Amino acid sequence: MLELLKTLVAYKQFVPHGHCYLWKPELVGLHVVSDFLIALAYYSIPVTLVYFVGKRRDLPFNSIVLLFATFILTCGTSHLMEIWTLWYPTYWLSGCIKAIAALISVYTSLTLIQLIPAALALPSSAQIEAANRELEREIGERQQAELALQEREAMLRGIGDNLPNGAIYQVIRELDGSDRFYYLSTGIEKLTQVKAEEALKDSSLLYRQFIPEDVPCLQAAVDKSWRELSVFDIQLRIQTPSGQLKWFHFRSMPRKLPDERVAWDGLVVDVTDLKHTEETLCKSKALLEESQLVARLGNWEFEIASQKIRWSKQLFELFGRDPAKSEPNYQEILQMYYPEDAGKLAQAIEQAISTGESYKLILRASPNGSTIYIEEIGHAEFNVDGKVIRLYGTSQDVTEREAALIKRQQAKEQLQRSETLLATAQKIAHMGSWEWHLAPQKQIWSAETFRIFGLNSTQSAPTQAEFIEMVHPEDRPGLQKQLVEAIAKGKPFNLEYRIVRPDGSLRYLESKADVAYDPQGQTIRLYGAILDITERKILERELAYKQQLLDAFIISAPVGITILDDETRYLFINEALAQINGIPATAHIGKTPWEVVPDIAPKQQQVFQHVLTTGEAILDFELSGETPKLPGVIRTWLASYFPILSEDAKPIGIGIVVVEITERKRAEQMLELQAVITRNMAEGICLVRVDDGIFVYANPKFEQMFGYDSDELIGKHVSIVNYGDERTTSEDLYRAISNIIFQNHEATYEVHNVKKDGTLFWCSATASVFDHPEYGKVIVAVHQDITEHKQAEEKIKASLKEKQVLLQEIHHRVKNNLGIVSSLLQMQCRRTQDAQATAILRDSQNRIASIALVHEKLYRSDDLANINFAQYIPDLTSNLFDSYNVKSSQIQLNIQVDDVSLDIETAIPCSLIINELVSNALKYAFPNNSIGEIEVKFYQEDKSFTRKPHQHNLMLIVRDNGIGLPADFDSKKSKTLGISLIQGLAKQLRGKIEINTQQGTEFKITFTQDKGHHEVGNR
């Protein structure tokens, strides 16, 4: 520190500042006087500012004034240092003073910048004047508020005097530390049995009533409220002069008075009843906690908005959590349960929050590693808007209950399984059980017994009389006798009898009964089982019947059957084998084959020995030889030998079945002949296995046709001979052909094939499906090379195409020529002034147009021989309407035409008839532009009216609802061109005309046309 001071005041190592002025007296004097005067002014300003601040402490921004004074003081000091350094160059000290001045100036400027907004916010004189006026107004309002406050104070005092179980008080703590009541409402007398006036005079009358144990608490609460000016809130006990013990609740807010005293304005309420209720509630709560602890039950609450969860103490113990810790959150609670049960709980909570629906679940948890069952019950609490704001409920450990329920359920299921097994066993065995209690005459039947008797098990069992009534009349006496003996003598019985069900069906039953006795040895109950033996009885009858059938079959079977004993003697032989041998059946018994058929017997000797020795059967053994029936004729048989075994499975005889196959052998020879013919026939034949499309046979002609060597195609896929292009592969072609064959079982088709060398050719094939004994299901296809035929057919099609084009050109030219004629008539019509001639020319033009339209339809149609009248008639009638300048709004056209196609010989007369009839209707049926309707119908009559099956009756009807024909009109006498033309055309069609003049005019023309000349369909 001393070294620092020496450094600051050191000056010998520096040159005095006066040397800068060359020690000129006038220049040095000028700087000395100037710096001194500035320093003097700088020192006077801070003194003035400090004095001002001391006098006006109420002004704002005093700190900035003091900072400014400090800044000016340091500046004055720096000027004095300027004078000092003229002779004594203590530049370090001068620099430090300037540095201090710089720091103070920077800090002052920063503080001043921050204070500028507040300074600018200072009110102006006008604003101060306005504020004074506002202050005066506020003073007036305050006076009014004081009056209102006094009124409210009076009102509060009135309320305090009328409180039913409370009183208002004011206590003030004096400066000496004593407490004094300044106000007590009259209700204090009801509470303490001390009048308010007396208590105000002597507060000890009230203080003495406090229970001594509560006085320290009262004093501590008052002192704390006085020190911290906090709310005074306490409940204390008092004892009134009459000895009553009461609980008072004191609550007041302290306030410091201007004279530093503290006042409490508060309320005291008698809460004795509330305390008693709280005590009762505490006892109930303790009992609830105890019961929850015993029942392992806890309650919880869930605030929806804050997601806060509250648990009871028992719930912490239930889940093994420390009660000192906070409750778990929602996700932690879900993790306490098994994952699948947690999902159920989350879903139930979401449902309760959204709909307010309560829930009750049984969930599994493992708080300590062991599984427990928790019964979760939740309810929802709603706000005034009906929105769920809180969930609350209980969680109870029901592990023991669930275990008992599980055991009970298992026992129940075991019982149900036993009952089901018993019922199933009874149902399978068709056996029912029954009991007959004699004293109450009550029958108890099992469900199977009801089913056996054809009754409904939901109804009560029948009485004994009803039961006897169901027994077959022939069996009733025997059953009743057994029942009487069982009751009288205690004798069990086993009896078969028949019953008649309500539906009339007959059943056979076997009933077994036993007897139950009372302690005196009297029969009190019969019980037993009923077995439905109907199927057994039916089987016995069927077995006997089948045995008869078997005997009859063996005797009359077309194959030979015989049985030999272990010495190869005949024990049995049927008629078929006796006839084969040519000896009566009875003549065989006891003899050996060597005695009956000596030519065949030696050939069977080894077979007999093998069967009798090994007990193995030999099947399909082929024999050839002669019998006594046809000596010298060699015949062939197929014999099968079966061992006849004893009870210890040893051969004791031989059963032989003999089938004569002489004719089959001849058939096999014929098949071999057919195979030779197949191999050498002109058409190619192949067999293709359906399963995999592989060739299994091809005759030499087929192999030659496709250019393959013998058996080269066997084992190859059929697609090798089919031609495929970019649109269809050979495999797709085979699948398409096989599908057609499978659908129709047989198919004839043409196919493009390819030879082994790649040459393409056409084949006509006929194929069908056949079950081959060796290859299974096969496709048999017969192929014929039609390449030359296809080439000739293509030439014919090309020639036909040329003729079709030529015919279209002819129709087109005819149509054009008719158009020219129509145009010439139209030109003549325009030049002719005679109206009658003009009408004739127009009619002729329309007739030509109808014929031209026929040719136009033909050359535009794909069918050059027939014209579709369903398309022709609308075009023809539209042209006529345009020709006569008739609008559809005036005369409505109704066309009903079937899809009919006519040849040109029929179409032209029909078109001319329609032209004439529609033209006449347009010209004459609707005079004076009257409104009407024209109807054209063309259809085929019912085929049942056609005499010849190759012909169709066609009907053409043209009808209008105009003025009709004249009354004296006679079609036979009419000489008009139109009628004559119609009659002539109808005659050309070999048709019949009918004219109806009711409600207008109707022409009906019926004619017949061959099927080959037209086609008819429905639109």
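Student: Which residues of α9 are buried?
Tutor: L218, V222 and S225 are buried in α9. Buried stands for under 20% relative accessible area, exposed for over 50%, and partly exposed for what lies in between, with a 1.4 Å probe and protein chains only. Helices (H or I, at least four residues) and strands (E, at least two) are DSSP runs, numbered from the N terminus. This is a predicted model, in which local features need pLDDT of at least 70 and side-chain atom pairs count only at pLDDT 80 or more, while totals for chains, interfaces and linings use all residues. Residues are numbered from 1 along each chain as its sequence is written, and side-chain values use heavy atoms, with hydrogens and water left out.

Student: Why do the buried residues of α9 line one face of the helix?
Tutor: Seen down the axis of α9, the buried residues fall within an arc of 65 degrees, so they line one face. The arc is that of the directions from the helix axis to the C-beta atoms.

Student: Which exposed residues does the face turned away carry?
Tutor: That face of α9 carries P216 and R227, both exposed.

Student: And what covers the buried residues of α9?
Tutor: The cover includes the strands β1 (166–173), β2 (179–184), β3 (232–239), β4 (245–256) and β5 (262–270), together with α8 (204–207). Just after α9, L229 has a positive phi of about 50 degrees.

Student: Turning to α21, where does the helix bend?
Tutor: α21 bends at V607, by about 25 degrees. The bend is the angle between axes fitted to the seven residues ending at a residue and the seven starting there. V607 is also one of the buried residues of α21, which are A601, Q604, V607, F608 and V611.

Student: What do the buried residues of α21 pack against?
Tutor: They pack against β16 (560–565), α20 (593–596), β18 (618–625), β19 (635–645) and β20 (651–660). Contact here means heavy atoms within 4.5 Å. After α21 comes G615, with a positive phi near 75 degrees.

Student: Which residues touch the most other members in the largest nonpolar core?
Tutor: In that core of 40 residues, they are F869, I873, L902, I913, L922 and F938. Such a core is a set of buried Ala, Val, Leu, Ile, Met, Phe, Trp, Tyr and Cys residues joined through side-chain atoms within 4.5 Å.

Student: Which helix gives the most to this core?
Tutor: α28 gives the most, with 11 residues. Another core, of 29 residues, lies apart from it, with F302, I304, I309 and F316 among its members.

Student: How many disulfides does a search of the whole structure find?
Tutor: The search finds zero disulfides, a disulfide being a pair of cysteine sulfur atoms within 2.5 Å.

Student: Is E703 buried or exposed?
Tutor: E703 counts as buried because its relative accessibility is 5%. E703 sits in helix α23 (residues 700–706). Not counting residues up to four places away in sequence, E703 touches A698, Y708, D709, S710, D711 and E712.

Student: And where is the place of H472?
Tutor: H472 is in the loop between α16 (464–470) and α17 (476–489). With 16% relative accessibility, H472 counts as buried. Leaving out residues up to four places away in sequence, H472 touches R498, I499, V500 and L506.
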